[in-house]
Each structure stands twice: as structure tokens, then as C-alpha cells.
Protein chains: 2
Amino acid sequence: MQNLATMTGAEIRSLIRRQKITGSTAGMAEGYTQANLVILKKEYAFDFLLFAQRNPKSCPILDVVEPGSYTPKLIARHADIRTDLPKYRIYINGSFESEVNDITHLYEDDMVGFLIGCSFTFETPLLRAGIPVRHIEEKRNVPMYRTNIPCQSAGIFQGPVVVSMRPMTSEQAIRAVQITTKFPNVHGAPIHIGDPTEIGIQDIYSPDYGEIVTIKDHEVPVFWACGVTPQAVVMESQPSLMITHAPGCMFVSDVYEEALSIL
Amino acid sequence: MQNLATMTGAEIRSLIRRQKITGSTAGMAEGYTQANLVILKKEYAFDFLLFAQRNPKSCPILDVVEPGSYTPKLIARHADIRTDLPKYRIYINGSFESEVNDITHLYEDDMVGFLIGCSFTFETPLLRAGIPVRHIEEKRNVPMYRTNIPCQSAGIFQGPVVVSMRPMTSEQAIRAVQITTKFPNVHGAPIHIGDPTEIGIQDIYSPDYGEIVTIKDHEVPVFWACGVTPQAVVMESQPSLMITHAPGCMFVSDVYEEALSIL
């Protein structure tokens, strides 16, 4: 049995390309940055890139694959985004259509691929600083919520910020602000600490995506902008075609977490 | 005589709009962020925004004015980029055509305006930390150089990084790295310290733009990516129409420097 955790990003992608891995990439290639994927036709690309530029906490762009290429040159120079993710989702006119393991046959000449930072990247530094990451402890998906905080709109794209939540003590939250500030390319510092109703979350025990985790006495919920935001926003504007990664089935890059740190 | 240094960004823009100010904005509205301007037709906008996204140190985007609008909503919600800069330059097919004080008659429906951070913004914090800014001391324009460092290309746009240079002691350079790291939206940390030939600058005393300043014994040159980079790169690809600010005649925003600090 191979140890997927200690492999490189390239080794994991090679297994994925041969469909030896077709599920979640969580815990694989430890230390290598993983990314969300959004593929749109060129006609939507300027609006989407502008949306990302205006909403860097929700939508931190790690790389963009231009029309005519399939390779994210900055973060994985030998990868192919048509084959190197375990599972993709196809959306037609904003509606979920199907899941597939390879999109080579669907990829058109005028498509643009956006690779977007994933908060998975800063969880290792949090754990190393002694800060609990409850959804890892409890082996669940991170809880995510729609908020009442509007994104900055761009062209056809607008909608609310979606956040992920990690519970911790107030002291740990201060340290978590310091640590995640160093990683603006994977959502950066939290956008809210404490009372969920202040950002429009009525019931913390009913996440809109993912699963609820235990919130202990003396813990506060800490909220980070989440990479689900751009997918939710794009879906609402119903583009003719959108392809994304399936939840948890991320793109594994060649870039170490440390390379994304600004301090 | 009004004191232009203590006015707000909005007050300065009002004087500019009425053409009471038609020259350099250096030293005006102290504490308010000033920005470079590049206006292109929509057909070039995706490539340019992608170029900026891939080269954030040379081309940090502060705001983008979409077609049909003239207002940079994020940094000056009541401004008009057609009238609120003292002087503009018009380039046709990559060649300089003329300088004007108002571009209302030239602005077309499919134009996109990009406001790009200016290193002027971090010079006040440097001065407050006791670090000399020689070109201010000597009342000259900052010296700027083409390097042999290639920008990450995007679509039709490619070319070398242009840098600005400030001489200081090695100890001051370390402190300057710390201070400017806090301002990624106005070029951030330096990209080189020391030997100019390592980045392709053969004669430090012959800048490609701006003016040379005194480099004292025991000082090293410190180089920052410069907002001239995107203008130089765009000019080389000869778009049918480009409008920029004239050198030193910047857009004065409503945003304080401190609002752009990440720490």
C-alpha cells in the first residue's frame, strides 16, 4: 500500500490521471497546496477574473489556464486540468448535470480554467501552532454558511460571501488571525469572529454546506471566506457551461504551502 | 493660498476637474493613496487583467472601472476618471499621440479603466521610520530601470519588469522590507537588494526613466517593481488605443494608505 500522504503533488496527479484515485484528495501530498477549479467559456472570463480580483478573500486566484492550454504553468507546469482532478461536476445553464472523471471530451477551445486557493492549505500551520481544527478531529467536512455580506459584484456576477467555520477559544482565534494573515492566497485572515447572527447566520448548527462540528464551552466560531463562494455566485448567473471540481476532489499542485506565505 | 498637502483626495479632485490643477500631484492630499491609470478597449481587458493578476508586484490593481461606468467605486465613489486626473497621455497603436487635460470626448462605451497602486503610497511610512527617500530629499523624479526579469506573460502582453530604486544602508533595507511587505497593493516588498547587474542593470547612473539620485558610501540600491511596467508592456503590444495618466499626474483616491496595509 502506497502512502498517499508523503507523495508529491506530481505523484498524486499521476495516480489520478490513471484513475487510480477517483475520490477526495484530503490528506494527500501533505504540504502541497490544493486548489478549487472553475472552468468557464471565454465570454465569462473577464467578468469572473474581475470578480476574483475584487473579492480576493473569497476567490484568491492561484493560476489561470488560458484558452489553448490545459496547464496551470505557475503552480504545476506538467499538469493537465482536463485529467488531473479525481472528479468533476458539469453545470449547464446553472443546473448540475453530471459527475465525470475526465473532461477531455468536453473541453472547448475557448475555455478558461481558474485555480482558486483552498483553506486546506492553512490548516496544517494552524495544527502545528496547537490550534484545533475540529472537522479534522471529528473526520467531517468543514461546516459552511451563506452570509448576508455581499461580494463586490463584477459584470454578471454577484451574490453573498460563503464562509467556513472553525470553533476555538478566543486566545486561539487571535493566534489564528496572525497565522492565516500570512496566507492571503488561500483566503487569508478570518472575516468574522463570534456572534453568527451579525453576518446573517441564524442557526450555527445548520450549515448550508458541509457538516456541523462540536462547538465546546468557551469556544467562539471563527469564520473564513470560503472557495464555495465563486461557485455559488457563478451558478446563480446561469452560464451556458461551467465545470468545477467535485467537493473534496481538488487539484493538487507542485507548490508548497510555505511558498504562498507572505511573511 | 490653499494648502494642497492637507486637503482630502476629493478636494484635490475637485480642483483638478475644474482644471485649477493641471500638473504633478506629488505631495498633495497627504496620506491618501494615489494611483496609476491605464485605459484600454474591452478586447484587451481580459489579457490585461490576467497580466496584472500574474504580476501583482509590478501591477497591483486597486480598482477597475467597467464599461458603462467612469467611477472607481472601491477607492473613490464620486470620482470620474475622464476628468479627475490633471493630465492624460493618448497612445495610438503603441505610439504617443498627445497630452490632454480631459478625455470625456475620447471615452468610448467599450473602455475599461485600471487603477494601479503607486509606490508613492509607501514612501510616507518609510520616512516616518527614519529611512531616507533620496529622490524626495533631492526633489527629483525616482530613478527607474528596465531589468532582465521577465514578467509572467498573459495573452498578448509580455515584457521585462521595470523597477524603481531607492538607495539606503543595509540595515535600513531590512527595515524597508518589513515596512513595504505590509503594502502589497502598492508594489509590496523589494524584488532585489544590491548588485544592479544581477537584474540586468548595467549602469545604475543611467536610469531608463526618471532621474538619478545620490548613492552615498555604505548605501546599497534597493529595487521595487514599478507601475511603469504595465504601461511599457502594453505599449509594446501596440493596442489600437491606450490612455494613461501623464507622469506624476496621478489619480488621487479617497483611501488612506493605512487602509491598504495588510498588517
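**Before you start**

Residues are numbered from 1 along each chain as its sequence is written, and chains are lettered from A and ligands numbered from 1 in the order in which they are written. In this predicted model, local features need pLDDT of at least 70 and side-chain atom pairs count only at pLDDT 80 or more, while totals for chains, interfaces and linings use all residues.

**Stop 1: where the chains meet**

Show both chains. Here 15 residues of chain A are in contact with 15 residues of chain B. Contact means that the C-beta atoms of two residues, placed from the backbone, lie within 7 Å. Now select α2 (42-54) and β2 (61-65) of chain A. Each supplies at least two residues of the side of chain A that touches chain B. Helices (H or I, at least four residues) and strands (E, at least two) are DSSP runs, numbered from the N terminus. α2(A) gives the most to that side, with 5 residues.

Colour the side of chain A that touches chain B by class. You will find 10 nonpolar, 4 polar and 1 charged. Nonpolar covers Ala, Val, Leu, Ile, Met, Phe, Trp, Tyr, Cys and Pro; charged covers Asp, Glu, Lys and Arg; polar covers the others, Gly among them.

**Stop 2: the axis**

How is chain A superposed on chain B? A rotation of 180° does it, with 0.0 Å of shift along the axis and an RMSD of 0.0 Å. The two copies are therefore related as by a two-fold rotation axis. Select F46(A). In chain A, its C-alpha is the nearest to the axis, 2.4 Å from it. Copies are superposed by least squares on the C-alpha atoms of residues with pLDDT of at least 70 in both.

Go back to the interface residues. 100% of those in chain A are also interface residues in chain B, so the copies meet through the same surface.

**Stop 3: the α2 pair**

Select α2(A) and helix α2 (residues 45-54) of chain B. Their axes come within 9 Å and cross at roughly 30°. Axes are lines fitted to C-alpha atoms, for helices over the stretch in contact, and angles run from 0 to 180 degrees between N-to-C directions. α2(A) and α2(B) are therefore roughly parallel to each other. The cut-offs are under 35 degrees for roughly parallel, over 145 for roughly antiparallel, 65 to 115 for roughly perpendicular, and oblique for the rest.

The crossing of α2(A) and α2(B) is left-handed. That term applies if the near helix is turned anticlockwise from the far one by less than a right angle; clockwise is right-handed.

Show side chains. From α2(A) come A45(A), F46(A), L49(A), L50(A) and Q53(A); from α2(B) come A45(B), F46(B), L49(B), L50(B) and Q53(B). By class, this contact has 8 nonpolar, 2 polar and no charged residues.

**Stop 4: α3 and α5 in chain A**

Select helix α3 (residues 120-128) and helix α5 (residues 170-181) of chain A. They pack at an angle of about 130°, with axes 10 Å apart. That makes α3(A) oblique to α5(A). Their crossing is right-handed.

Which residues make the contact? They are F122(A), P125(A) and L126(A) of α3(A), with A176(A), I179(A) and T180(A) of α5(A). The classes are 5 nonpolar, 1 polar and no charged.

**Stop 5: the sheet of chain A**

Next, select the strands β6, β7, β9 and β8 of chain A. They form an open sheet in that order, with antiparallel pairing. Two strands pair if DSSP finds at least two bridges between them. Which strands are at the edges? They are β6 (144-150) and β8 (192-193) of chain A, and each pairs on one side only.

Zoom in on β7 (residues 160-168) and β9 (residues 220-225) of chain A. They run antiparallel, joined by 6 bridges. V163(A) stands opposite A225(A) in β9(A).

Bring α5(A) back. It packs on the sheet, touching β7, β8 and β9 of chain A, and its direction makes about 20° with that of β9(A).

**Stop 6: chain B**

Finally, switch to chain B. Its open sheet has 4 strands in the order β6-β7-β9-β8, with antiparallel pairing. In β9(B), select V222(B), the bridge partner of R166(B).
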